[in-house]
Amino acid sequence: MGQTTGTNSTAGTDSPVDPTPGSAPDVDVVVIGSGFGGSVAALRLVEKGYSVLVVEAGRRFADHELPETSWRIRRFLWAPALGCYGIQRITLLRSAGRRASGARSGGTAPAKVLVLAGAGVGGGSLVYANTLYEPLPAFYSDPQWRDVTDWRAELAPHYDQAKRMLGVTTYPKETSADRAMRAVADRMGVGHTFHATPVGVYLGRPGERAADPYFGGVGPERTGCLHCGACMTGCRHGAKNSLVKNYLWLAERLGAEVRPLTTVTAVRPAPSGTGYEIETVRTGAWPIRHRQRIRAGQVVFAAGALQTQRLLHRMRATGALPHLSPRLGALTRTNSEAILGATVPLRAARRDGVDFTDGVAITSSFHPDPATHVEPVRYGHGANLMGLLQSALVDGGPRRIRRWLGILARRPQTYLPLLSVRDWSRRTVIALVMQSLDNSLTLHYHRGRLGRRRLGTAAGHGAGNPTWIPAGNRAARLLAEQIGGIPGGSVTEPFDMPVTAHLLGGAVIGATAADGVVDPYHRVFGHPGLHVVDGAAVSANLGVNPSLTIAAQAERAISYWPNRGDPDPRPALGTAYIRIPPVPPRHPAVPPDAPAALRW
């Protein structure tokens, strides 16, 4: 795969490109989604001479159009049916009511999961916490993919490249939340693991404009960070290194087209038998209109782990892509995650002048044990909407709902005030807990009670997805003691419904179609010309924020594509994996002497 379109292409055994006169595709490659996978793919493909169309369901935001706070609901939340085209998706995945074939018993997989994700041109980079860690060691040795190749060695140069493109730097300041979290780490006996966070932010001088610091003058001007904590409502000041300021910016300069507010409803083989037909509609339009069909030689799925899975499941169920691996939906991961925290009561916070909004969204972290990672997280002033998801902290186990109700009933004077989110962001330290353990769930596409098809969860292969993390709960309680606050968990947790901001997997890498949905080059088994390069192809829990890994995997995948018109160096789809050298692009976007120049 990876061959060019048109009559001058060198057709390989996996090329889907239609060279028939009169039936040439409209574009060489359609990229579905503009997040960390899609934006990387768009730039690296256009550098290699391909014509690229990026189709994005969300809207495009200028910096000043991003929401001032999370209460600007139409610009913060994603609900197109209600006229909300914001940057934060919230999706409830219900139980499919069955266990995946071959799953072991004794797991703790939840019946439901609440998923937070990004939306808009730039995908998750608009709403994420600009935190860019490499994964914990267990990621590379996960049994799903460890026997394919030496993943640590293969990904190392691409992590380096992605870091330089995303402007990663270590956060230099210590905030009030950091001091509290350092004390928690000390009390848990792991103070030596506490460290500052690598972030994708242009620090500079606060509020001052500066010439492009990363791309040798071909990138946009930037503004120094104000350390206001508002990263997760979208940086309005130009300091956050979102994808619209690096990969997408450069891709569009080289000719890639980005088409916002366009939702892909179908991907199917073109009627001629080669290439693909992509059907799109105007996002949120009702009745459905602006239906279009686009012909492409190849398609890159990069809509985010949940949306990519949803589309692939639908295409298999309708027969449009009948040869997709039966492993589709398996090994879906939540990054083994819990979102906890501690909140100072309003009266005490005002009396003592408490304000935890200083800094960027995440400024430090520590490890209670080798597989667990805890980060203090913050929103900016006034961004209190997500406080509605907070409730009393209760451990897992039998009669969890009853114990939770008992806590509320015994201490109403403590927990009733949590119903008010006034000044919540100032007086709260969120504790994001992640693990690199090998646990999973499986997503199924099935008919619900009303006959409509939907995605649902079931217990996955291996260990069940945890409904609570003991080390995280202990950290949240110690954090509350440290700041004089109340420990809190997500309001869904008493119902064994964890919250994750980092859904991963479901279209994972495997040596064969019996093992995974894509091969080690990210090509979809059974359908030459299709690729998955977003979080759906992340094959194991990371134990850290996944954005850097998604970008690095995309860098690696596209590095093996040939330049337009050249032979494909990859072996045929379905054959054994071999390690090959990357293919340098003919038209690199970044000058060779710039900090972010392409260097493998």
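Q: Leaving aside its neighbours within four places in sequence, which residues is His446 in contact with?

A: A contact here means heavy atoms within 4.5 Å. On that basis, and with neighbours within four places in sequence left out, His446 touches Ser95, Ala96, Arg452, Arg453, Arg454, Leu455 and Gly456. Before going on, keep in mind that this is a predicted model, where local features need pLDDT of at least 70, side-chain atom pairs count only at pLDDT 80 or more, and totals for chains, interfaces and linings use all residues. Residues are numbered from 1 along each chain as its sequence is written, and side-chain values use heavy atoms, with hydrogens and water left out.

Q: In which strand does His446 lie, and is His446 buried or exposed?

A: Strands are DSSP runs of E with at least two residues, helices are runs of H or I with at least four, and both are numbered from the N terminus. His446 sits in strand β22, residues 439–447. As for burial, the cut-offs are under 20% relative accessible area for buried, over 50% for exposed, and partly exposed in between, using a 1.4 Å probe and protein chains only. His446 comes out at 14%, so it counts as buried.

Q: What about Ala551: where does Ala551 lie, and what is in contact with Ala551?

A: Look at helix α12, residues 547–559, to find Ala551. Its relative accessible area is 0%, so it is buried. Apart from neighbours within four places in sequence, Ala551 contacts Phe36, Val40, Ala162 and Leu166. Gly37 is worth a look too: it is 514 residues away from Ala551 in sequence, yet the two C-alpha atoms are 5.6 Å apart.

Q: How do I read strand pairing, and in what order do the strands of the seven-stranded open sheet run?

A: Two strands pair if DSSP finds at least two bridges between them. Here the order is β8-β18-β19-β21-β17-β25-β20, with antiparallel pairing.

Q: Which strands does helix α11 touch?

A: For angles, axes are lines fitted to C-alpha atoms, for helices over the stretch in contact, and the values run from 0 to 180 degrees between N-to-C directions. Helix α11 (residues 470–483) packs on the sheet and touches β17 (338–343), β18, β21 (428–435) and β25 (486–490), with its direction about 15 degrees from that of β17.

Q: Which strands pair with β2 in the parallel sense?

A: One is β1 (residues 27–32), joined to β2 by four bridges, with Val30 partnered by Leu53. Another is β12 (residues 257–259), parallel to β2 over three bridges; there, Leu53 has Glu257 as its bridge partner. Both faces of β2 (residues 52–55) are covered, with Val52 and Val54 buried on one side and Leu53 and Val55 buried on the other.

Q: What is the handedness of the unit made by β1, helix α1 and β2?

A: With the strands pointing away from you, a crossover is right-handed if the path from the first strand over the helix to the second runs clockwise. The β-α-β unit of β1, α1 (residues 36–47) and β2 is right-handed.

Q: Zooming out, how many helices and strands does the protein have?

A: Twelve helices and 28 strands. Buried residues are 63% of the 600.
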